Amino acid sequence: MTDITPKPGASSGPDRRTILQTLGAAGVAATWQGNVRAENARAEAATPPSPPVPNDYVEVEMRVNKQPVSMRIDPRTTLLDFLREHMHLTGTKKGCDHGQCGACTVHVNGRRVNSCLSFAATHQGEEITTIEGLGEPEHLHEMQAAFVEHDGYQCGYCTSGQIMSAVALLHEPCGPTNADVRELMSGNICRCGAYNNIVAAIQQVRQGT
């Protein structure tokens with residue numbers, strides 16, 4: 001018969017309690033590490049990393065409403081999309097996106113431009129003015145005030161482009177009659193048909209009344 005009694009001085013190895021404590025601690029550590037990995041995965045999914053800027057992007061520097069702007073953008077970005085999507089100046093509207101309706105009209109160095117037909121990258125160092133830079137609710141530009149007085153808008157979608165063109169018209173050669181004003185404003189379409197009111201507002205400002 002084999003004698004299994006431990007010999008004096010011989011180590012009997014870790015007892016049952018020590019083994020269970022070791023296994024329990026390992027389980028707790030494994031659970032904690034698993035929770036950390038799950039939290040990190042959820043955080044990464046909730047806040048995806050910003051996409052890298054492609055190497056073919058170009059640096060654009062200009063002044064928008066008298067504020068300096070410097071940004072790297074896709075060279076195919078139109079001035080309209082730059083103002084709306086990058087600068088978040090949504091007063092300039094995207095209508096036809098083909099230069100036919102005038103809703104996207106802004107001033108470039110004081111000259112009116114259909115921003116949907118112009119690349120932002122071509123305006124390095126230039127001064128861009130949008131409807132947001134023309135006046136403020138507490139201090140309207142005189143043309144904005146005239147549009148309000150004569151109800152020169154209905155749905156309002158074309159209004160910012162109409163006003164920007166009207167302000168530029170003040171500094172352009174234009175005859176005195178309503179027909180002259182209509183001719184110079186022909187690039188701006190009002191689908192609501194508020195043309196008579198628009199012309200009245202412009203003539204009021206032109207005549208200083």
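Student: What covers the buried residues of α2?
Tutor: The cover includes β1, β2, β3 and β5. Before we go on, this is a predicted model, where local features need pLDDT of at least 70, side-chain atom pairs count only at pLDDT 80 or more, and totals for chains, interfaces and linings use all residues. Residues are numbered from 1 along each chain as its sequence is written, and side-chain values use heavy atoms, with hydrogens and water left out.

Student: What makes α2 a helix here, and which of its residues are buried?
Tutor: Helices are DSSP runs of H or I with at least four residues, strands are runs of E with at least two, and both are numbered from the N terminus. Helix α2 takes in residues 79-86, and its buried residues are Leu-79, Leu-80, Phe-82 and Leu-83. Just after α2, His-88 has a positive phi of about 60°.

Student: How many helices and strands does the protein chain have?
Tutor: Six helices and five strands. Read from the N terminus, the order is α-β-β-α-β-β-β-α-α-α-α.

Student: Why is Thr-159 called buried?
Tutor: Buried means under 20% relative accessible area, exposed means over 50%, and partly exposed lies in between, using a 1.4 Å probe on protein chains only. Thr-159 has a relative accessible area of 12%, so Thr-159 counts as buried.

Student: And why is Asn-55 called exposed?
Tutor: Its relative accessibility is 79%, which lies over 50%, so Asn-55 goes down as exposed. You'll find Asn-55 in the loop between α1 (16-46) and β1. Asn-55 and Asp-74 are 19 residues apart in sequence, and their C-alpha atoms are 9.6 Å apart in space.

Student: What does Thr-159 contact, leaving aside its neighbours within four places in sequence?
Tutor: Phe-147 and Tyr-153. Contact means heavy atoms within 4.5 Å. Thr-159 itself sits in helix α4.

Student: What makes α4 mostly covered?
Tutor: Eleven of its eleven residues are buried, among them Gly-161, Met-164 and Leu-169. The cover over them includes β3, β4, β5, α3, α5 (178-184) and α6 (195-207).

Student: How does α4 run relative to β3?
Tutor: At about 40°, lying across β3, β4 and β5. The axes are lines fitted to C-alpha atoms, for helices over the stretch in contact, and angles run from 0 to 180 degrees between N-to-C directions. Helix α2 runs at about 100° to β2, and lies across β1 (58-64), β2, β3 and β5.

Student: How many bridges join β3 to β5?
Tutor: Two, and these strands run antiparallel. The definition asks for at least two, so β3 and β5 pair as well. Here Val-108 has Ile-128 as its bridge partner in β5.

Student: Which way do the residues of β3 point?
Tutor: Thr-105 and His-107 point one way, Val-106 and Val-108 the other, and all are buried.

Student: Why do β2 and β4 stand at the edges?
Tutor: The open sheet has the order β2-β1-β5-β3-β4, with mixed pairing. Each of β2 (67-73) and β4 has a single partner strand, so one side of each is left without a neighbour in the sheet. On average, neighbouring strands of this sheet are turned by 40° against each other, direction ignored.

Student: What share of the protein chain's residues counts as buried?
Tutor: Of its 209 residues, 32%. Among contacts with a separation of 6 or more, 54% come from residues 24 or more positions apart.
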